[in-house]
Amino acid sequence: MAIAPPPPPPLLIQSLTLPLLFLLFLLPPLQSHFATSPTIELPNNPTTTISVVDFGAVGDGLRYDTIAIQSAIDSCPSPSPCRVIFPAGLIYLTATIRLKSGVVLDIQEGATLLGGTRLEDYPKEQSKWYVVLAENAINVGISGGGVVDGQGLKFVMRFDERKNVMVSWNRTGACLGDECRPRLVGFINCRNVNLSNFKLRQPAYWCLHIVQCENISIEDVSIYGDFNTPNNDGIDIEDSNNTVITRCHINTGDDAICPKTYTGPLYNLTVTNCWIRTKSSAIKLGSASWFDFKGLVFDNITIVDSHRGLGLQIRDGGNVSDITFSNINMITRYYDQSWWGRAEPIYVTSCPRHSKSKEGSISNLLFVNITSTSENGVFLSGSKGGLLSDLRFINLDLTYRRWTNNAGGLVDYRPGCQGLVKHITAGIIMEHINGLVIDNVNMRWSDEPLRQWNDPLDFKSATVNNISLLNFHSGLYKQ
């Protein structure tokens, strides 16, 4: 049984000095801003309370309770508010269950909603493969302190410390590709989604998937996925607007918090007070990026032992603007090359996925109050038709040292673009940039082995313009 790590250590947040505060006052304001929790407009009708046990659920973890659970949900007087109770001490095995407007699953502490592992447990359409699914619903959610478990380890075909080899239902003809496994929880085209105080465990594929939704609140949610399992993303926010994620604890193999744009833009996402550990990217915009990202804030976040800290992978022509990363403390390290990432604390890239892809731009990014200890440097890379512009790095403390035996000396452009490319290790690598402010940045280098580190700053004047260095320090340190 996998055991989640202990609670995160307190985040050490550095204070801005008075001169820096004065500088920030002079800088033009970002259009992005901290969002407040979305207002969930609940009807005035009294809440109905229904227990799945009263509809025949046995909760032994062996017999399927799907019919009893769905009957309890269907009996709710939608759209009036209704809480469907899963009493504590029981394990409720189920195929896909569907929520409707007004319904909140109240999975009580000590209760587990257990997803089935058979293909017949899920709808015929692969896009509907979820243990819990809500479509076109209003005022829906999950709470109660209990667990939703996807039994992800039962989808491992071969265990491997580098990266597990997973079962794929493509062999049945039900889907194409290697990522044919069910997601855990999905909300599609919903409004007023409230997810609070429960645990998501062992997804076989993506864990929490928010698609084309408006007004989403995710708070006090704990997510745990096997650290060696690919594609078990923590939270995927797709084409959705007005989202707040706060006080979440995410420990998973693949990307932890991942905004994407497939069919429309993504606006007004705020993530605060979270703890993250991942073998991929802790925060990643993309790589699905056909439409714009605008007005995103990531504040007061702890990232530990992750393959990449803060990442932007823009590959499909969407534009990114007005993004703030603030008060972040992180440790990034190398893992196996099969995972995207090369231990970068900050990774900002825009390049076409393939020869027919459009180039998207990235502009108006602010990184402020960032502390990192990393096995590799910052990577900033635009493209000829997709420049990075108006980037600001203010009050950063970057420590570089090696402590794993994984190979370095590579730049990772994946997915697409140039793939993995040999390159010297530098504090900050810059390509295709117009407008970069580096202010009050302290860069410290390990002196053993010194040959690992070559340059504090690596760029060519032919592709990088309008750089400002203020109070930039670089030097060796000894433990």
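Contact here means heavy atoms within 4.5 Å, and by that rule I283, leaving aside its neighbours within four places in sequence, is in contact with I257, I276, F298, I301, G309, L310, G311 and F325. This is a predicted model, in which local features need pLDDT of at least 70 and side-chain atom pairs count only at pLDDT 80 or more, while totals for chains, interfaces and linings use all residues. Residues are numbered from 1 along each chain as its sequence is written, and side-chain values use heavy atoms, with hydrogens and water left out.

**The protein as a whole**

- The protein holds two helices and 35 strands, where helices (H or I, at least four residues) and strands (E, at least two) are DSSP runs numbered from the N terminus.
- Of the 479 residues in the protein, 59% are buried, a word that stands for under 20% relative accessible area, with exposed meaning over 50% and partly exposed in between (1.4 Å probe, protein chains only).
- Among contacts between residues at least 6 apart in sequence, 77% join residues at least 24 apart.
- The accessible surface of the protein comes to about 19200 Å², and 52% of this surface belongs to carbon and sulfur atoms; such areas come from the Shrake-Rupley method with a 1.4 Å probe, and for residues only the protein chains shown count as cover.

- Strand β6 (residues 103-107) is largely enclosed by the rest of the structure, because five of its five residues are buried.
- In a regular strand the side chains alternate between the two faces of the sheet.
- In β6, V103, L105 and I107 point one way, whereas V104 and D106 point the other way, and all are buried.
- Strand β3 (residues 82-86) pairs with β6 in the parallel sense over five bridges, pairing being assigned if DSSP finds at least two bridges between two strands, and within this pair F86 stands opposite I107.
- Strand β9 (residues 138-143) also pairs with β6 in the parallel sense, over three bridges, and G141 in β9 is the bridge partner of V104.

**Disulfides and other cysteines**

- A disulfide is a covalent bond between the sulfur atoms of two cysteines.
- A search of the whole structure finds three disulfides, each assigned as a pair of cysteine sulfur atoms within 2.5 Å, and with bonded cysteines counted along the chain they follow the pattern 1-2, 3-4, 5-6.
- Another disulfide joins C175 to C180, with an S to S distance of 2.2 Å, and both C175 and C180 are buried.
- C351 and C417 form a disulfide with their sulfur atoms 1.8 Å apart, and the torsion about their S-S bond is about 90°, so this disulfide is right-handed.
- C351 is buried, with a relative accessible area of 10%, whereas C417 is partly exposed, with a relative accessible area of 30%.
- C190 is in no disulfide, and the nearest cysteine sulfur, that of C213, is 4.7 Å away; C190 counts as buried at 3% relative accessibility.
- C258 is buried as well, with a relative accessible area of 0%.

**The surroundings of I283**

- I283 lies in strand β22 (residues 281-287) and counts as buried because its relative accessibility is 0%.
- F298, one of the contacts of I283, is 15 residues away from I283 along the chain, and the C-alpha atoms of these two residues are separated by 8.8 Å.

**A nonpolar patch on the surface**

- Y262, W290 and F291 form a nonpolar patch on the surface, and together they have about 300 Å² of accessible area.
- Patches are made of residues with over 30% relative accessible area and no salt bridge, with like charges joined within 9 Å and nonpolar side chains (Val, Leu, Ile, Met, Phe, Trp, Tyr) within 5 Å; a salt bridge is a side-chain nitrogen of Lys or Arg within 4 Å of a carboxyl oxygen of Asp or Glu.
- Y262 is placed in the loop between β20 (257-260) and β21 (266-278), and Y262 counts as partly exposed because its relative accessibility is 35%.
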